[in-house]
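Please consult the sequence and the structure shown below alongside the text.

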Amino acid sequence: MADGQSRHIKGRRQQVILAMLLQAANKVAPITRLVDAVWADNPPSTARSQVQIGISALRRTLKEAGFGDIIVTQSPGYLIRVADDQLDATVFEAHVEEARRLVGLGQPEAAISAYRRALALTQGPALADIDSPLVQATANRLDEQRIVTHEECIELELALGRHNSVIAELGELVAEYPLRERLRAQQMVALSRAGRPGEALHAYRDARDTSVEELGIFPGEDLQEIEHAILTGDESLHSPLSSWVSDRLSSDSAPTPRMLPAAPADFTGRSSVSDHMLRLFTPEGSRTANAVKLAAVAGPGGVGKTALILHTAHAISEQYPDGQLFARLQDDQRGLVDPAYLLELFLRALGVPANAIPPALEDRAALYRSHIASHRLLIVLDDVASEQQVLPLLPGSDTCAVLVSSRQRLTGLPGAHHVELGVLPADEALSLMARMVGQRRVDAEVEAAHEIVELCDGLPLALRIIGARIAARPHRSLARIANRLSVEESRLDELVHDGLAVRANILLTYKNLDEMTRCLLRRLALTQTPEFPGWIAAALLDTDLTTGENVLDNLVEAHLVDVVDTHGSWLPRFRMHDLVRLFAQEQLHDEDGPAEARDAVQRALGGWLLLAEAAHSRLYGGDYTVLHGDAPRWKSLLTAVDDLTLAPMEWFLQERPSLLGAVNQAARMGLDEHCWELAVTSVTLFEAKGYFTDWRETHRLALAETRRADNRRGQAAVLNSLGSLLATSGQSEEARFLLERAQVLFDEVNDQYGTALVRRNLAFLDRLAGQLDRAMNNYFHSLQQLRLTGDHIGGAHVLNGMAQIALEQGDHDNAKGWLEEALVICAEHNNHRVAAQVRHRLGEMYLQRDDVDAADETFRSVLATVREAEDQLGIAFALEALGRVRIRQDRLSEARELLLQAQKLSHEAGNQPLSARALLSLGILHERRGEPHTASRYLTEALVLFEQMGARAWLGQTLEALAELHLHQGDQADAAARGQASVDALDSIGSREAGELRRRLAARLLENRGAPGQDAVN
């Protein structure tokens, strides 16, 4: 209202925003809360901008009404400035407070006048036309204040004998609030005093019928006593100044407990969960009509559960005018608090004399529920240990609400809304620190502040402790504090201040666990991985999988272990927060011996090794192309192997951090067999997905450990695997050195299978260097030994390599026969990855034979296979081959895109030979497009790479392409030099193409300049 005139705010959105601003008058209303008020749980992507538009419209309307600029922007939202006498709700509360003060002074007439001034400001239900759950939550509070004010005022009117004047008013109020027994009682007394007992008894019967129909219960004892007084003609009902009703029904007749501790002054972040909590205590937040509103917040110790429930309790406390009860149900000194003790505490706070409180728990609970049945009470129970502690403390009336916090998930509480609270996100954790130590100190050392937040693992308790220590030490830099926190062995010692300690907080939870669960927590500290699978619990405890799973569930329920979001994976994964892990390490050191710890680690490593071998076998169609050692496998896992490795590559990807940690841990503990076997078996993942850094690092650790242990076979296996890695990345000399050393070691231990795998890799290097006869000899001997040992897929690999040599020698018949044999083997063993490699080679054969269409179809089929398997290197090979096919088809734009993708993928995967081949093809393509400068750049890059690798055959082809390019540019001398270099390269490897190349280049030179070119190539 402005200038005595009402102004209507148009549009629902503006009405909701204004209502929310006025609800928080002179305080900031966050924009996120305004969005929730307008759109609830389904805001549009433009919600924030639409709120800003609504604010602008409101500012114009209010300014036109003469209020000026009363809405201001203030992070994180908006604030409306309103004087105390401008807001009806504030004026209403002032009148009510004055009325209650006058009652206390014994001035009922003056009190009634104050009550009536307050009620004159109300016009029916508050904010009735605004359909926003958050706005209606405020409206419910205002309506509750209005009806309580009516009841208190009428109570005084009845006490002064003004029953006739309030009968009509009571009739309207009862019609509006038929379940409020205090109004019903006042109506019955007023009618009885007015000489209308029949109507009074009818009012009781109406109250009884409504209560039974709506609630399923009879009216309370007070109404029954009034009915009895009417029927028996009790004169006390008719005394004009009698306080009969007040003595029994007035809320002022009993003390109003205010047991809530202060709300946390530095409550930070948690806006979404805080808003969710407040919504639970709106009428729409109830799951069941007439049920107690009950919210249970669960989370690890120190995560801020108490702060959240106290923040929520203070925000909703006005909805519960009859008081608030609070208790903490466990602490370091007393342990678990007996609910019988708490019931006595609560009953005494509610005004029940000590001698009237029965001794038995059940009797106390019954008296407690009866006493608060008509009260609007808020009950806050902090740090609950179990449902058994809570159940006796729950009210039976829907007029009460309960807030509970616990380190356990209290799933047994009937009708509870469950809220999970995790650690603070990094930005909110940093804000909490800034509020404690000052924004200036944080801004001055931002990097160190971020490090402190990370080392505190986002745990609010840890942040509060370290924040208090920083605030108390203004002379100490954040960098120094971060440095001290970074020392794991003493981090928990640093997180202690003024009676608060992270260690003691975790210890409280730890003490409430059974011995087996405590043992698992300690042993989980042995795992060197941020996440771990569920089966590891059984391995660490040396028990069956079901028992291990149940014990792990205990830790999850206690919030000492978290379930990790695995994005729909069928295998759950778990993690411990860093501070819990440090606590577990301390307990492990104090309670477990080194022998038990070592045995537990070996079982876990044996489990990973067993599963890695199973996943490899599923991918390869059998136990092929991998070496095994003597490390013990954890055989108790055998029953679950098939289920766990159902999707083998997905298992490898999910377990990648665990496998890396397992190799590292095996190396640190001197378990050389576990170390090299885990590293070599994990190559299945590293090779398929291009994790070449992991390949190098795990093998570096395994090589050092096998050398320390003088484990010659383990050394040989690691050297062979490393040699294979270096060979495919173009480091031919280094690869040959490692492979030849591996061959010597395998010979020393008489491992013919290992020798066969080494010779297969040496053959690849021989072929790359153009030593085709030596390559074929190595392949032949490798094939014989692989067949003797039953490694069929290893044999298919070798046949594929032999076919490549045959193709380079122009022997298409042998090449085709070997490739078809390899394909049959792959089909028999369901190995799609190697089959794709063989079909790729078959496509190369078609391309050599100028059957471009067959090559096109084959390479496209290969591309589909490797894409389905998400094999990035395989995709690069297929794209490069298709690029060459497109050049043949003169579809140069398509070819360029394919080759650029292939070059990018192969470079990222560290496959230098393929990257160089893609560059060579790009050079040829741009030469055909008449772009000599670009062609020269690509060909020169390819030349450098082939020279580094010593790949003479490819070197010759690149030099030939450069010669062709210079011929087209008219540079005869350079073309001749390039041509001669190409001929020399092919001659040095005994290639049949050398003579043909000499004749072809000579003819091209003659074609351009005549006879002098003949002498240039000789």
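The model is predicted: local features require pLDDT of at least 70 and side-chain atom pairs count only at pLDDT 80 or more, whereas totals for chains, interfaces and linings use all residues. Residues are numbered from 1 along each chain as its sequence is written, and side-chain values use heavy atoms, with hydrogens and water left out.

**Helix 38 and helix 39**

- Helix 38 (residues 792-808) and helix 39 (residues 812-828) have axes that come within 8 Å and cross at roughly 160°; helices are DSSP runs of H or I with at least four residues, strands are runs of E with at least two, and both are numbered from the N terminus.
- Axes are lines fitted to C-alpha atoms, for helices over the stretch in contact, and angles run from 0 to 180 degrees between N-to-C directions.
- The two helices are therefore roughly antiparallel to each other, a term that applies to angles over 145 degrees.
- Contact (heavy atoms within 4.5 Å) involves, among others, I793, L799 and M802 of helix 38 and W818, L819 and I825 of helix 39.
- By class, this contact of helix 38 with helix 39 comprises 13 nonpolar, four polar and one charged residues; Ala, Val, Leu, Ile, Met, Phe, Trp, Tyr, Cys and Pro count as nonpolar, Asp, Glu, Lys and Arg as charged, and the others, Gly among them, as polar.

- The whole structure contains 56 salt bridges, each defined as a side-chain nitrogen of Lys or Arg within 4 Å of a carboxyl oxygen of Asp or Glu.
- D382 pairs with R328, the closest N and O atoms being 3.9 Å apart. This pair links strand 8 (residues 378-384), which holds D382, to strand 5 (residues 324-328), which holds R328, across 54 residues.
- D382 is buried at 2% relative accessible area, while R328 is partly exposed at 35%; buried means under 20%, exposed over 50% and partly exposed in between, with a 1.4 Å probe and protein chains only.
- R656 pairs with D694, with 2.6 Å between the closest N and O atoms. Here R656 lies in helix 30 (residues 648-668) and D694 in helix 33 (residues 692-708), 38 residues apart.
- R656 is partly exposed at 25% relative accessibility, whereas D694 is buried at 10%.

**A further pair and a network**

- E931 and R929 form a salt bridge at 3.6 Å, N to O.
- E931 is partly exposed at 27% relative accessibility, and R929 is partly exposed at 35%.
- Salt bridges with shared partners join E515, R518, R522, R523, E591 and D592 into one network.

Methods:
Parallel < 35°, antiparallel > 145°, perpendicular 65-115°, else oblique.
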